[in-house]
Amino acid sequence: MASSSSLPGLNPFVSLPSTPPPRSEPNNSSFAPPIPIPKYPPPARKSKPPPPNPAFKQPHLRTKYYKPVKDGIIASEGERSVLIGESGVSYLLPGAPFEFQFSYSETPNVKPLAIREPAFLPFAPPTMPRPWTGKAPMKKSKKKIPLFDSFNPPPAGKKGVKYVEMPGPFPVGRHPEEGKSREEILGEPLKKWEIKELVKPFLSDNRQVNLGRDGLTHNMLELIHSHWKRRRICKVRCKGVPTVDMNNVCRCLEEKTGGKIIHKVGGVLYLFRGRNYNYRTRPQYPLMLWKPAAPVYPKLIQEAPEGLTKEEADELRARGKDLLPICKLAKNGVYINLVRDVRTAFEGCALVKIDCKGLNPSDYKKLSAKLKELVPCVLLSFDNEQILMWRGNNWKPRYPKYRSSAVPAGVDFPSQSDDSGMSHNECNKCEANVVSSSPKMTLLWKRAIESNKAFLLNEISLDPDDLLRKVEDFEGVSQAIEHSYPAVVLSSKDGDINSLSAFEHDSLGENFGEDLIYANNEDEDYEDNNYDYDEDEDDYDDSDYFEEVDGSVPLGSLPVDLVAEKLDRE
């Protein structure tokens, strides 16, 4: 077979033409696109969005807004205004019984310097019941829902209705009465057995109002009334910074709610609504829709605090670095005894340090501001999350000082303490010839001396034999007084018959009743009938509060003892 290259007149590598043939162009007039091109109008100018409602504003902590303020009204909308005064930022609404605040118990007693956000009311406007959310409000229900009335509650077995607590407690034959003032709503003071019956079911109940670092806030007032709708007692558990000054918390609770604190243990309060309380006629306050930003207050730590120069303050801060803290505060703890502990620590040292590691910085700053006012003291630093305090130049000892019996009166020791706090050995040494005694201990010694159970030794420098002789003499006198009781004088000759007849006719009942009342009165001197927190009050348990106090009667003085003695003689 012959190859293609050997064929004559055939060249397989012929080059293509240099110019391509012309192409015929389509007629533009006859061509039409399948889909027409849309024509859009020019974009409209974007209008500015309406200002957002402050109710949906995110909380901001590091804002750059700063506006100095003075006392008086700083913003107003008709009769609604924002005030600056001694209680900080408050809000005045028409018809309100008092000025509203975000926190009633934790507002500093210092006037603010500036505010961190524009002054506006955190309540819903009167023209609109709720902020606009983009949806129309729901239509009102055609059903007429009856209001809660404590004087006329629904029947207990009614389906779909929760239990409503009736007013009370009342003695037999008494009925609730409508009251407007706080005294009329509270009614007669509760007796001890009534307090016991009211409080006992709530000791282990977890239905409560939690009061935290913000203290008694405005919206808690409505929350407490919602608890009172179902129960006569509202249990309030306090933790954190407000527990430093529980008296302030109790005062604010009673003033703003109108109730009465009938029992408290530690940080737990039991708030009684009143005998004539009616949920329908309760005071109704508008709710705060958001938390206002806290204003700017003066700094707690000054370079040169009051009574000190800058060099002296720096020296005290340097000494405080090596000082051990008296306690360590736990987060969300109960600090009822903190003020007492700081005052007691100042008796031995001019500087006191408290360890606050783990706490929020705002918490221990609020706590130190309370200590500055309650102790009182001078704040020096917050270094290393520790509060360093100085007792100040105007500090005075709490307890009376007297010379110890072990030290002769003629010996004079140099004083180791200095009120200025500039001595280096003050925090480690105390006066050797001075003994401090608490007021309660002094009262006990005084009562013991008056009852001849103790005697005051006027002479200190006595020989051991003389001292022993005095002790033996006093021991015989004290035993004679302790084992002797007033005798019952009988006019008849037959003493046994008259003694029995006297007990049968209760002729000695008044005398024994007076003895029991006197004994109970002595015990009540140590009790706190007003339920106020005392700095010298010892800790107690819940069960101790409900125990009855029985008067002590001498052995052998009861009527049964006389009857038994007569039978033994026969």
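Predicted model: local features only at pLDDT ≥ 70, side-chain atom pairs only at ≥ 80, totals over all residues.
Q: Which residues of helix H2 are buried, and which are exposed?
A: Buried means under 20% relative accessible area and exposed over 50% (1.4 Å probe, protein chains only). In H2, residues 192–199, the buried ones are Glu-194, Ile-195, Leu-198 and Val-199. They cover an arc of only 120° around the axis, judged by directions from the helix axis to the C-beta atoms, which puts them on the same side of H2. On the other side of H2, Lys-192, Trp-193 and Glu-197 are exposed.

Q: At what angle do the axes of H3 and H4 cross?
A: Axes are lines fitted to C-alpha atoms, for helices over the stretch in contact, and angles run from 0 to 180 degrees between N-to-C directions. The axes of H3 (residues 219–230) and H4 (residues 246–257) cross at roughly 75° and come within 11 Å. H3 and H4 are therefore roughly perpendicular to each other (65 to 115 degrees).

Q: Where does Arg-232 lie, and which side chain does its own side chain join in a polar contact?
A: Arg-232 lies in the loop between H3 and strand E7 (233–238). A polar contact is a pair of N or O atoms within 3.5 Å; within protein, one must be able to donate a hydrogen and the other to accept it, and residues adjacent in sequence count only if both atoms are side-chain atoms. The side chain of Arg-232 has such a contact, of 3.2 Å, with the side chain of Glu-165, and the Arg-232 side chain also reaches the backbone oxygen of Met-166 at 3.2 Å.

How values were computed
Residues numbered from 1 in each chain as written. Heavy atoms only, no water. Helix = DSSP H or I, 4+ residues; strand = E, 2+ residues; numbered from the N terminus. Parallel < 35°, antiparallel > 145°, perpendicular 65-115°, else oblique.
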